[in-house]
Structures are given as structure tokens and as C-alpha cells.
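Take the sequence and the fold together. The walk below goes helix by helix, then contact by contact.

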Amino acid sequence: KPDDHRLHSALGLAEAALGRGESAIRHAERAVELYPLDRDALGAPVQIVNLALAHALLGDGGVAAAELR
């Protein structure tokens with residue numbers, strides 16, 4: 001399911017936990033693209049939080065904080 005935001009989000013977090021930075025961020029960003037805020041203002045922020053978490057797991061705390069802003 002290449003357009004399932006949940007799968008991209010989960011892959012992003014898993015890849016970040018494994019230290020696979022480029023792939024992790026690519027998947028997490030894709031999840032945000034597939035499930036934007038204008039589609040679901042309550043559910044979509046979860047994808048942004050997961051993107052920030054992926055950055056944090058990879059040691060990019062500043063980028064993680066910026067994503068949350």
C-alpha cells in the first residue's frame with residue numbers, strides 16, 4: 001500500500017530507530033504529505049509528531065523542535 005500514511009509513518013520510526021536517517025525521514029515526510037492538516041486537523045498532527053520523533057531518534061533535536069512548531 002504505497003499511499004498509506006500509517007505505513008510510511010511506521011516505517012519512518014522503525015528506520016530512525018535503526019539509524020537509517022535518509023530513509024527514515026523520507027518515509028516520515030511522505031506520511032505528512034499523504035495525510036495533511038487540511039484533510040484532518042485532529043488526526044494529521046500525529047504524522048507531524050512522528051516526523052519530529054524520527055528526527056529526535058536520529059539526534060536532530062533542533063529539527064524535531066522546528067517540526068513541532
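What follows covers the helices, their packing and the charged pairs.

This is a predicted model, in which local features need pLDDT of at least 70 and side-chain atom pairs count only at pLDDT 80 or more, while totals for chains, interfaces and linings use all residues. Residues are numbered from 1 along each chain as its sequence is written, and side-chain values use heavy atoms, with hydrogens and water left out.

Start with helix α2, residues 21-34. Helices here are DSSP runs (H or I, at least four residues; strands are E, at least two), numbered from the N terminus. The 14 residues of α2 should span 20 Å at 1.5 Å a residue. The end C-alpha atoms of α2 are 20 Å apart, which agrees. The expected span is 1.5 Å times one less than the number of residues.

Which residues of α2 are buried? They are S23, A24, I25, H27, A28, A31 and L34. Buried means under 20% relative accessible area, exposed means over 50%, and partly exposed lies in between (1.4 Å probe, protein chains only). The buried residues of α2 pack against α1 and α3. Contact, here and below, means heavy atoms within 4.5 Å.

H8 sits in helix α1. With a relative accessible area of 13%, H8 is buried. Residues up to four places away in sequence are not counted, and H8 then touches P2, H27, A28, R30, A31 and L34.

Now turn to α3 and α4. Two packed helices are described by the angle between their axes and the distance between the axes. Helix α3 covers residues 45-57 and helix α4 covers residues 61-68. Their axes come within 7 Å and cross at roughly 170°. That makes α3 roughly antiparallel to α4. Axes are lines fitted to C-alpha atoms, for helices over the stretch in contact, and angles run from 0 to 180 degrees between N-to-C directions. Angles over 145 degrees count as roughly antiparallel, under 35 as roughly parallel, 65 to 115 as roughly perpendicular and the rest as oblique.

Which residues make the contact of α3 with α4? From α3 come I48, V49, L51, A52, H55 and A56. From α4 come V63, A64, E67 and L68. By class, this contact has eight nonpolar, one polar and one charged residues. Ala, Val, Leu, Ile, Met, Phe, Trp, Tyr, Cys and Pro count as nonpolar; Asp, Glu, Lys and Arg count as charged; the others, Gly among them, count as polar.

H55 deserves a look. H55 lies in helix α3. At a relative accessible area of 7%, H55 is buried. Leaving aside neighbours within four places in sequence, H55 is in contact with I25, D60, V63, A64 and E67.

G62, in helix α4, is exposed at 55% relative accessibility. A65 and A52 are 6.9 Å apart, C-alpha to C-alpha, and 13 residues apart in sequence.

Finally, the charges. Side chains of opposite charge can pair when their charged atoms come close. How many salt bridges does a search of the whole structure find? It finds five. A salt bridge is a side-chain nitrogen of Lys or Arg within 4 Å of a carboxyl oxygen of Asp or Glu.

One of them joins R30 and D3, at 3.1 Å from N to O. This pair links distant parts of the chain, 27 residues apart: R30 in α2, and D3 in the segment before α1 (5-17). R30 is partly exposed at 30%, and D3 is exposed at 53%.

R20 pairs with E15, their closest N and O atoms being 3.9 Å apart. R20 is partly exposed at 47%, whereas E15 is buried at 13%.

E22 pairs with R26, again with closest N and O atoms 3.9 Å apart. Both lie in helix α2, four residues apart, about one turn of the helix. E22 is exposed at 68%, and R26 is partly exposed at 46%. Salt bridges that share partners also join D3, R30 and E33 into one network.
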